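This report describes a protein model, with attention to its charged side chains. Please look over the sequence and structure before reading on.

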Amino acid sequence: MNRYGFVRITTASTKTVVANPRANAEEMVQVLDQVRDSDVILFPELGVTGYTCADLFGQSALLEAGIAAVARIAEATRGREQLVVVGLPVAVGNSLYNCGVAIAEGAVIGIVPKQFIPNYKEFYESRWFSSATGREPRSIDFGGCEVPFGIDLLFAAEGGVLVGIEVCEDLWMPIPPSSVQAVAGANLLLNLSASNETIGKSRYRTELVVGQSGRCIAAYAYSSAGPSESTTDLVFGGHCLIAENGVLLGESARVGDGGPIERGSYFLSRDVDIEKLQTDRRSTTSFDDCRKYLSPFRKVPFRLAPGMSGLARTVSGTPFIPREGSELHGRCAEIFGIQCAGLAKRLEQLPTGTPLNLGISGGLDSTLALLVAVKTCDMLGVSRRTIQGITMPGFGTTERTRTNALGLMEHLGITSETIDITELSLQSFQALGHAPFGIDTRTTDVASFMAELATLPPERRHDLTFENVQARLRTFLLMSRGFVIGTGDLSEQALGWSTYNGDHMSMYNPNSSIPKTLVTFLVRYVALNEFEDGPVRETLLSIVGTTISPELLPLNAEGQIVQSTEDILGPYELIDFILYNAIRCGYTPEKILFLAEHARFTKPYTREPIERALRTFFTRFFSQQFKRSCVPDGPKVGSVSLSPRGDWRMPSDADPSVWLQWDQAR
């Protein structure tokens, strides 16, 4: 286990010699030697003897050999701070139980029997095994030692790790034992299995594992017997799965998946995030309501080695972006569907024919909002001409963004208008008695003022009033026309990258929970998938390739942008990575930095820009809450939203010191 709450889990499907516990133990020991850095290792159901021994389970020779084999496995764990769980038939009085045997530091520390014994179709387990009911002895003699026994055992380690064990069929029941274990606090659930392969079963099995991890807000590891089990009537696939709170972290190859059949032992290792699971449980307040179903459990301690190296899990550098694959199109359609449904409901409350005003800058956010507005009008049977697209060039508008804005409006068939705000801005400076950048505007015309702006050196290009006047003028012009569709995105909300009561405000904002990286992805996706080669696709791709900028500061003498948002705030890829991990996962800055060093970004980053982005994010996130406290309505699309009415409530004057300690301590 490492300091950030990650626990390394290995699920193994071993080569089995049916009815030969000694050979099977040696195979497991070989696997253990290969996964010395794992914290928890799980083997299949009845893997010590083989699942398909049938009436041989009634033979004392097999049962005694099984106990000796477990002793061999336990000896191999001596000196290692790990939890190893193997499957074994265990005789207790007049009954035989199908059990998960927990081993740590050279000793058996607990035995958990299977509760639900299948005896239908191809399964015939009740011929040999009894169902555990909770009335069994609390401890048994096992290999000369008194060992805790029962369905009420959980295994606890430092760092909040609490392990529950169930066996195969237990998971398939209406109320799996793991559900009760989770209510009792277990956050790592293990399933020893011997699930045979039939058509379509693997998919359902995967859905069960992933779904149970989500319902229990837990990590769930599953290990199944492989094709070396007896195939008298059945074939076993060797399916290994690791899931975490509804997300599949890893899945092994198996029989029937089209690949080569693995005849030997193989294993799957992933790091599960215990700290995140505990955070998710605390924030899901209804989870604790299930304690009314709580049964008493005994906790058996074990130790995990500190200082786990590396990270055995995939960390996405773009957590908001849908993954490539067969579900990509459906995911993008779902995002647009939610945005359009929210906007449509708001529009239905307006008088028929109400113009929909939308500021079109030629940038990403207004482009996405326009695409949503067009799609919504088409869905409602409303003319696209109802959308009043207004582009309002100012002192920082480039020819590229102006051309893209005009072209996009024309290609999409909306009403288009241009209002140049430079003259109005100059008049506002004069009325305010403001001298932008030290330039006296009292007797200056626009042409002279623009010419002087172009000569400004970089160190003088800072004037908040100059920027705010333009942003508020644009909002004033839009709102004077009536209903305004907003364009600001989630990343800008998080950082307060907007002018209060300027682009900060609208009557409804379909982009409110879409982060910048997803905005970029969606615009590109629409360009490549919704339009053929032609002017619309070309314009959209040009917008995607444009430097992200509010275009409020004056252009240089060559007419180029001097105000790059990412130069000021840091790459949006890093900002959104921090946003997701801080808000969705509740991670500390130190843990986010650790994850960033292991993340798969679209391009490599050194530590310095990651640290700079962390400082920027937490400083601005706290100081700009006052803007988020009064943002317009907008639909929640993903798992992260900063709406003050639903997902995020925070005082505007909170102190960020705790979140900046990592930086101050260096």
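The model is predicted: local features need pLDDT of at least 70, side-chain atom pairs count only at pLDDT 80 or more, and totals for chains, interfaces and linings use all residues. Residues are numbered from 1 along each chain as its sequence is written, and side-chain values use heavy atoms, with hydrogens and water left out.

**Overall picture**

The protein has 20 helices and 20 strands; these are DSSP runs numbered from the N terminus, with helices (H or I) of at least four residues and strands (E) of at least two. Along the principal axes, its C-alpha atoms fill a box of roughly 105 × 55 × 45 Å. Of the 666 residues, 57% are buried. Buried means under 20% relative accessible area, exposed means over 50%, and partly exposed lies in between (1.4 Å probe, protein chains only). Among contacts (heavy atoms within 4.5 Å) between residues at least 6 apart in sequence, 74% join residues at least 24 apart.

**Salt bridges**

Side chains of opposite charge can pair when their charged atoms come close. The structure holds 34 salt bridges, each being a side-chain nitrogen of Lys or Arg within 4 Å of a carboxyl oxygen of Asp or Glu. Three of them are listed here.

| Pair | Closest N to O |
|---|---|
| E45 and K114 | 2.9 Å |
| E275 and K591 | 3.8 Å |

E45 forms a salt bridge with K114. E45 lies in the loop between β2 (40–42) and α2 (60–76), and K114 in the loop between β5 (107–113) and β6 (139–142), so the pair ties together parts that are 69 residues apart in sequence. Both E45 and K114 are buried.

The salt bridge of E275 with K591 links distant parts of the chain, 316 residues apart: E275 belongs to helix α5 (residues 274–283) and K591 to helix α17 (residues 589–596). E275 is partly exposed, with a relative accessible area of 28%, whereas K591 is buried, at 0%.
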